[in-house]
Structures are given as structure tokens and as C-alpha cells.
Amino acid sequence: MLKVENLVVNYGVIQALKGISFEVNEGEVIALIGANGAGKTTTLQTISGMLSPNSGKVLLNDVDITTIPGHKIVSMGMAHVPEGRRVFPGLTVLENLKMGAYTRSNKTEIAKTLEQVYESFPRLKERQNQLAGTLSGGEQQMLAMGRALMSNPKIVLMDEPSMGLSPIYVDEIFKIIQSISDAGTTVLLVEQNAKKALAIADRAYVLETGNVVLSGDAKDLLNDDSIKKAYLGE
Amino acid sequence: MGFLTYLINGLSLGSVYAIIALGYTMVYGIAKMLNFAHGDVIMIGAYLVFMTMTGSGMPVVVSIVISIICCTALGMLIEKVAYKPLRKATNLAVLITAIGVSYFLQNMALLIFGSNPISFTSVITWQGITLAGGQLKITGVTIITIITCLIIMVALMWFVKNTKPGQAMRAVSEDRDAATLMGINVNGTISLTFAIGSGLAAIAGALLCSSYPVLTPYTGSMPGIKAFTAAVFGGIGSIPGALIGGLLLGIIENLAKAYISSQLADAIVFAVLIIVLLVKPTGILGKQTKEKV
Ligand SMILES: Nc1ncnc2c1ncn2[C@@H]1O[C@H](COP(=O)(O)OP(=O)(O)OP(=O)(O)O)[C@@H](O)[C@H]1O
Ligand SMILES: [Mg+2]
């Protein structure tokens, strides 16, 4: 479904991605793990067209989307839950969710998706008229995820959805990611919480200073000694 | 009756400020920049009306429409040529560029139209109404200006709330990158904002010069600065704030002229602004920016 080939991204003289390649198949949950500054966010932003790479390719369902501007990617079936949630603070929860469906025009289908999102996130329904900026961090994360789902995506990119959340919220967020996957949506998940990410992922790639240094079955990586040392704190 | 006359004239002047202030406030809210060239688009708009209506004898409506279309195009052109390449530059660089564009427009007008003041023919021929047994006379320009301002405000608020491009404007003003992720074309939205602001500037130019019929290449700069003040006064970024700020500014200016001193009127206007900002730094309707990490 998604294929990244030899992606190189520079910020001025800093080379953030040094030619990474990986693949996400339909229906999979793929974890992308790595330390701070490894290039995880850069990877996701390049895939969704927020950044343009210096070289390399991004293919979505065999279509080259490398040079397609960011705002045209959503309607191709890809949604991106950005790092730091980035909800619209001055809009209500409901307005935020409707913004997620900006590229869709069929009102009855949008209403149906809204129902589904409210079913997955009952708390958002309770707070639908509250300003997003006044939600708690965990609620904002749910809103960011719900907003992404409003575009009815085939694949969702998530950038550290558990960052800064209390353990209860972290569990809830991972449960929701699992249910998004169960509903048939492909997931590319960037996480610092490697343990939880590997537990729900099918496969994973490990990123280190702009290179993919390890990849494989998530269960195998969970038992890999070097991974245990570096990312699982064991 | 004197007071009422000053008040109504103040409302009319304030309506012009409000229409201009909309351009400042929308561009600031959505593109996060101060477009100091906005006042000069008013002047260009007024010259266009003068040339087409008085110069070529076209009907008023036609010449205003031509002026709106040209100013809309001019605003989009300015944005594309001068500001878009600076999207990632510092605020200071953008501000200096805007001042440069302002001088460029004034000098271009000097070159084309010369520095001699033109006596502008009002676009409104209606004489207006006389009330209270002839004691209170309200001119047609005054009435039309106020009504036009209110119509524009209502239409714009409806547009922002109920249309897709309006929703896109709200999203872009909140968070540009997140808006892109929603599928919103940020560059297109910013361009549309300039288009609307500049089209309104053309209307403001025609109304302003109908009330104060002296047109020079510098006609736009003082009302531009005052309208910017009005936008800050009402809360920059807020559409109803532009209305309230503009009306208050016009009224204060006119009453100060009438009862205190016409030389000091501008100083009083700015003094009031400073007091308001001391009490409420975000302006009357300005939002306190609150963010959660
Ligand atoms: N806008 C930028 N300008 C310059 N350098 C940048 C920029 N954004 C990221 N970088 C650099 O690129 C590298 C990769 O950053 P990136 O944000 O992709 O890392 P990350 O893996 O997402 O880290 P984290 O886990 O801390 O979010 C880092 O060295 C970072 O300093
Ligand atoms: Mg990151």
C-alpha cells in the first residue's frame, strides 16, 4: 500500500534521513521506532507531503506521490495525526472533527463517519461543543485521531500518539489504535513507547540517525537483545 | 441636534474604517502578517472609480465593479509577487516588504496620475434625508456608507461560518500545517483572503472619496493607518472586532474634532487606543491565545 524508497531529507546542512526504504502492506500495523532525533517525524512529514525530499520516492498504491502537495494527499486516502496533536484550539470539538472531513462532500456519509468516531471516542461526543484548546492532553489526542478518521482514510500515519499521556490514557490510545486496525485501516505508527508499539504491530522498522538499522517481525524484535537494551530498558 | 449629526457622521467615517480594517484583520488572522500596503489599494481603487466614472463616463455601478475586480487582482498579485516568497521568512522581513510595497504603489500612482489633487465626484447622487423639521440632515453618502458596511459585515461573517472556503480560512488562521493535513490549500486560502480584503478596499476607496472628495496618491495612507488602529482596537484577527473598532474610532474622531480640537483629534484617537490596549492588550474582542501542551 505504501512504499518508501531511498528517502533523503536535508534540513540545510543537516541530513535528517539518509536514504531510508520501507514498505507498509494493506491491513498491517507497522511500527517505526527510534530515539529522539532519529528522523521519525521527518519520515512521516515527507510521506504526507509536508516536506519534500531531496531524493527518493514515496508510492501510495503504486502512485508516485513524492511531489504531490500536502493538501492533495488526504483525498488519496491517507491521513496524518501529527506530532503534538495540533488540534485547532479555537474551534470546538465538533468543528475540529468536521474539519477532518474537509475534502469530503457527501453530507450523509460524513454524518455516518461522525457517528462512528463518536462511538470510538464517547468522550468527544460529551464534549462536542467545548473548545479544543481547553481539552486535556489525552482528550486532544483522541480528537486528533478522531479528526484524522473523519477523512475516512485507508491508511493513517500516527506520530507519537502516547506522548505525554498518563498510563491509563496510553492504554486507551493503544486500544483505539488496535480497533482502528481491526476496522481495516492500515496504520503506520511512530512511537517512543517501543514496548507497546511492538506489542500491537505486525512488523517494525528501527530508525537510528536517519537510517533503518533493523527491521522485522514485531514479535521477534520484542525479543531481540539489542532492542531490549536500547529501547525497552531491560 | 449638533451632537446627533456628529455621531452619525462619525458612524459613517467609522464604517469606512471598518471596511478597511477588515482587510487588515483578515490578512493578519490568516496570513499572520501586517499588510501595510492595504491602505494604498484603497487609493488605487478610488483612482479607478474616478477614471472610469468621471473620466470615461461609465455608469457608477459599472465603474465600481471594475474597480473591485482590478483591486482584487492587484491584491492577489501583491501577495503572489511580494509576500508568498517570504512565507518562511521572519516577520520583520515581511513587514519591511509590506512598507516597500506601500511606497511602490504610492509612487506608481504619482507617476501615472501626478501629484495634483483630484476632486472626486461622489458615487452617490442621492441627497439623503432631512429629519426633525429640517434640523437634522443626513446625506445619502452617509446613509449608504453605513448600510454598505453592515451588509459587508453580515455577509462576511456568514461566509466564514457557512462556506468551505470560509472554514478553510478559520483552519488556516488556527494552524497552517494542521490545515494542510486536513486537505486545505493554504496558499489558495491566503490568496483568497487578500482578494477579499482588496476587493473591499475598492469599495472603501469609493465611499471614502465620496465623503472626503480630495484624491491624491497619499489618500490611502492615513485612513489605512487609522483602520489598522481600528483593527487592533477591536481585536486584530476578529471580524466583528473590525466593525466595533472601526465604528468607535470614527465616532471618537468626529466627536473629538467637534468638541475638543480638530488638530488634536488624531492624537486623542491614538490616546484612546493606548488606554484600551493597556486595559485589554488583545483589543476589545481579541481572543486570549491559550494553548495547552
Ligand atoms: N525544521 C528543522 N530544521 C532543522 N533540523 C531539523 C528540523 N526538524 C528536524 N530537524 C532535525 O532532523 C533530525 C530528525 O528530526 P525528527 O523530528 O524527524 O526526529 P524524531 O525521530 O521525530 O525525534 P523525536 O522522537 O524527538 O520526535 C533531528 O536531528 C532534528 O534536529
Ligand atoms: Mg518526532
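The shell around ligand 1 is made up of four nonpolar, six polar and three charged residues. This picture comes from a predicted model. In total, 13 residues surround the ligand. The closest are Lys40(A), Thr41(A), Thr42(A), Glu83(A) and Gln192(A). Which helix gives the most to this shell? Helix α1 of chain A does, with three residues. That helix covers residues 40–47.

Now look at single atoms. A polar side-chain atom of Thr42(A) sits 2.5 Å from an oxygen atom of ligand 1. The backbone takes part too: a polar backbone atom of Ala38(A) is 3.2 Å from an oxygen atom of the ligand. Tyr11(A) meets a nitrogen atom of ligand 1 instead, with an N or O atom of its side chain 3.5 Å away. How much of the ligand does the protein bury? Taken alone, ligand 1 exposes 640 Å², and the protein buries 62% of that.

Next, turn to the protein's interior. In soluble globular proteins, nonpolar side chains tend to be buried together. Here, the largest nonpolar core has 86 residues. Seven of them are listed as touching the most other members: Phe88(A), Leu22(B), Tyr83(B), Phe120(B), Ile184(B), Leu200(B) and Leu215(B). So which residues does Leu22(B) contact, leaving aside neighbours within four places in sequence? They are Ile152(B), Met153(B), Leu156(B), Leu200(B), Ile239(B) and Ala242(B).

Conventions
Residues numbered from 1 in each chain as written. Chains lettered and ligands numbered in written order. Predicted model: local features only at pLDDT ≥ 70, side-chain atom pairs only at ≥ 80, totals over all residues. Heavy atoms only, no water. Near = heavy atom within 4 Å. Polar contact = N/O pair within 3.5 Å; in protein donor to acceptor, adjacent residues only side chain to side chain. Areas by Shrake-Rupley, 256 points an atom, 1.4 Å probe, with all protein chains shown as cover. Helix = DSSP H or I, 4+ residues; strand = E, 2+ residues; numbered from the N terminus. Nonpolar A, V, L, I, M, F, W, Y, C, P; charged D, E, K, R; others polar. Core = buried A, V, L, I, M, F, W, Y, C linked by side-chain atoms within 4.5 Å. Buried < 20%, exposed > 50% of the residue type's maximum accessible area, 1.4 Å probe, protein only. Contact = heavy atoms within 4.5 Å.
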